[in-house]
There are 2 protein chains.
Amino acid sequence: MPSIPAPQPQAESLRSELHGRGQRLTPQRQRVLALFERIGEGSHLSAEEVHQRLLRAEERVSLATVYRTLRLLSSMELLRELELPEGGRRFELATGGDHRDHHHLVCVRCGHTEEFESQAVISAGEQAAGRHGFRLLECVLNVRALCPSCAAAEVS
Amino acid sequence: MPSIPAPQPQAESLRSELHGRGQRLTPQRQRVLALFERIGEGSHLSAEEVHQRLLRAEERVSLATVYRTLRLLSSMELLRELELPEGGRRFELATGGDHRDHHHLVCVRCGHTEEFESQAVISAGEQAAGRHGFRLLECVLNVRALCPSCAAAEVS
DNA sequence: CTATGTGCAAACTATTTGCAATTAG
DNA sequence: CTAATTGCAAATAGTTTGCACATAG
């Protein structure tokens, strides 16, 4: 029956945020954001992966527009850009609150990553920022490591 | 008088480390490593910057060789590759000991960076690694922030 | 309608690689 | 000598941009 797809729950707030900047809500922008909402908060995607997944979902968005949209949504704080050591830029859904601690355990051999949180790290970041007179925005700890199976494989 | 330049103090150990792998000590490799020793531990350089500085010092090394050498010296743990958020790969001199904590306060506006150390961060990294069964290699905290002058400029 | 956004292809930047000439050992 | 290394130029990967056409509002 519903031949007109129901507007996404978040579409309206996105629309008004865009309008505030004199910008438009396009299907492409909705598709990119919807993709990140579909896969949930913990998952990191590169521009290329976003493009591929949208193609697979029959949602055609050009790669150039994917890049433009990722930058736009990040500047709106709807996405967050990660800085993982290996591999290019990746993005994930930015959750509401001040979820600014955001740490990764990365296996340098197979690339497997685990996320974790740590209040101790935030405090250390805040102290360091304070000591130098900086205003903290976000802090990210990357732990380069070997995952259990890769550690086992490293006979050496 | 000294028409034959004296061999660098570290040249011999570098030579033997290379020989162990069936590799050679070339002037290019010495020049790149000597540059990092000249500028000291705290300074980060990109491949392009290494190339430029060597040119300025009349020490011609092709950019391709700079890339190859940075990779080689990093694999020998004489250099360490950083993962700073903005800008490409950068390298710095790797100091002897297990100097594996290595943190940056980066101004996201002007790019100015300060380094700091923190035992608390190391502990947090070790705990997280232990919890997931990973073997920790190195941990790097990046604090994205605004430096005092950029924070002041952000009138908003 | 018209300013904003999109798709495409070309442009760029950063990095890697093939290969002939050079050189450390 | 000869295998390793270099320099050059061409190749590649990731990202950005100019421009004509499409479209949200």
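Start with strand 5 of chain A and strand 5 (residues 135-146) of chain B: they run antiparallel and are joined by eleven bridges. Two strands count as paired if DSSP finds at least two bridges between them. Helices (H or I, at least four residues) and strands (E, at least two) are DSSP runs, numbered from the N terminus.

Before going on, note that this is a predicted model: local features need pLDDT of at least 70, side-chain atom pairs count only at pLDDT 80 or more, and totals for chains, interfaces and linings use all residues. Residues are numbered from 1 along each chain as its sequence is written, chains are lettered from A and ligands numbered from 1 in the order in which they are written, and side-chain values use heavy atoms, with hydrogens and water left out.

**Stop 1: where the chains meet**

Select A:Leu146. It stands opposite B:Arg135 in strand 5 of chain B.

Next, pick B:Arg144 and A:Glu138. They form a salt bridge, with the closest N and O atoms 3.0 Å apart. B:Arg144 lies in strand 5 of chain B and A:Glu138 in strand 5 of chain A, so the pair joins two chains. A salt bridge here is a side-chain nitrogen of Lys or Arg within 4 Å of a carboxyl oxygen of Asp or Glu.

Now select B:Glu138 and A:Arg144. Their side chains also meet in a salt bridge (3.0 Å, N to O). The rule finds two salt bridges across the interface of chain A and chain B. Over all chains, the whole structure has twelve.

Eight residue pairs, both at pLDDT 80 or more, are in polar contact between chain A and chain B. A polar contact is a pair of N or O atoms within 3.5 Å; within protein, one must be able to donate a hydrogen and the other to accept it, and residues adjacent in sequence count only if both atoms are side-chain atoms.

**Stop 2: a hairpin in chain A**

Select strand 3 and strand 4 of chain A. They run antiparallel, joined by four bridges. A:Val106 has A:Thr113 as its bridge partner in strand 4 of chain A. The two strands form a hairpin with five residues between them. In the turn, A:Gly111 has a positive phi of about 85°.

**Stop 3: DNA strand C**

Show the 21 residues around DNA strand C; A:Thr26, A:Gln28, A:Arg29, A:Arg68 and B:Tyr67 come nearest. A residue is near a strand if one of its heavy atoms lies within 4 Å of it. Of the atoms of DNA strand C within 4 Å of the protein, 70% belong to sugar or phosphate and the rest to bases.

Which part of DNA strand C is 2.7 Å from an N or O atom in the side chain of A:Arg68? A base nitrogen. For B:Tyr67, a phosphate oxygen of DNA strand C is 2.5 Å from an N or O atom in the side chain. For B:Arg15, a phosphate oxygen is 3.1 Å from such an atom.

**Stop 4: DNA strand D**

Finish with the 20 residues that surround DNA strand D; the closest are A:Tyr67, B:Arg24, B:Thr26, B:Arg29 and B:Arg68. Zoom in on B:Arg29. An N or O atom in its side chain is 2.6 Å from a phosphate oxygen of DNA strand D. B:Gln28 has a polar side-chain atom 2.8 Å from a sugar or linking oxygen of DNA strand D.
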